[in-house]
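Here are some questions about how the terms used for a model are applied, each with its reply.

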Amino acid sequence: MKKVFKLFTVVCFVAALACMSSCTKSQEDLIIGSWKATTVTSEPANPFAMLLNGTVFTFNADNTFSITIDALAGEGTTGTYTIADNKLSMTAEGETIVGEIKTLDKKKLVFSMVETDEDVTMTITFDCDKQ
């Protein structure tokens, strides 16, 4: 009986390990879907960042994305994206923007990107919820 119990314990332990390793999703898998920006902040503060609240980012499995900006009557853009080493690179209309992923799980995406415009450097952070 002890041998059966030991064997059962070992089998359960191996099954649990297999499940944990196969249940862990990669960033590439987790990002797929639509994400709505619930809070957008900028450093230094910029009122334009508040207009980006409600922006929807949709990332597809084929590495394409779309952005829909609520404040601009649903205008936006489409392009391609990649993820590597906690960096989210989005390319649209010949321009690539790279953001740092701070949080990415099945419900929350937080990323920051640095923008330079007219000699002003600004960090914009998007806090998004999965739709």
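Q: What makes a stretch count as a helix or a strand, and where is aspartate 85 placed on that basis?
A: Helices (H or I, at least four residues) and strands (E, at least two) are DSSP runs, numbered from the N terminus, and aspartate 85 falls in the loop between β4 and β5. This is a predicted model, in which local features need pLDDT of at least 70, side-chain atom pairs count only at pLDDT 80 or more, and totals for chains, interfaces and linings use all residues. Residues are numbered from 1 along each chain as its sequence is written, and side-chain values use heavy atoms, with hydrogens and water left out.

Q: Why is aspartate 85 called exposed?
A: Its relative accessible area is 74%, and exposed means over 50%, buried under 20% and partly exposed in between (1.4 Å probe, protein chains only), so aspartate 85 is exposed.

Q: Why is asparagine 63 called partly exposed?
A: Asparagine 63, in the loop between β2 (56-59) and β3, has a relative accessible area of 32%, which lies between the two cut-offs, and therefore asparagine 63 is partly exposed.

Q: What is the omega of the peptide bond that joins glutamate 43 and proline 44, and what is the bond called?
A: Omega is about 0°, and the bond is cis; proline 44 lies in the loop between β1 (33-43) and α3 (47-51).
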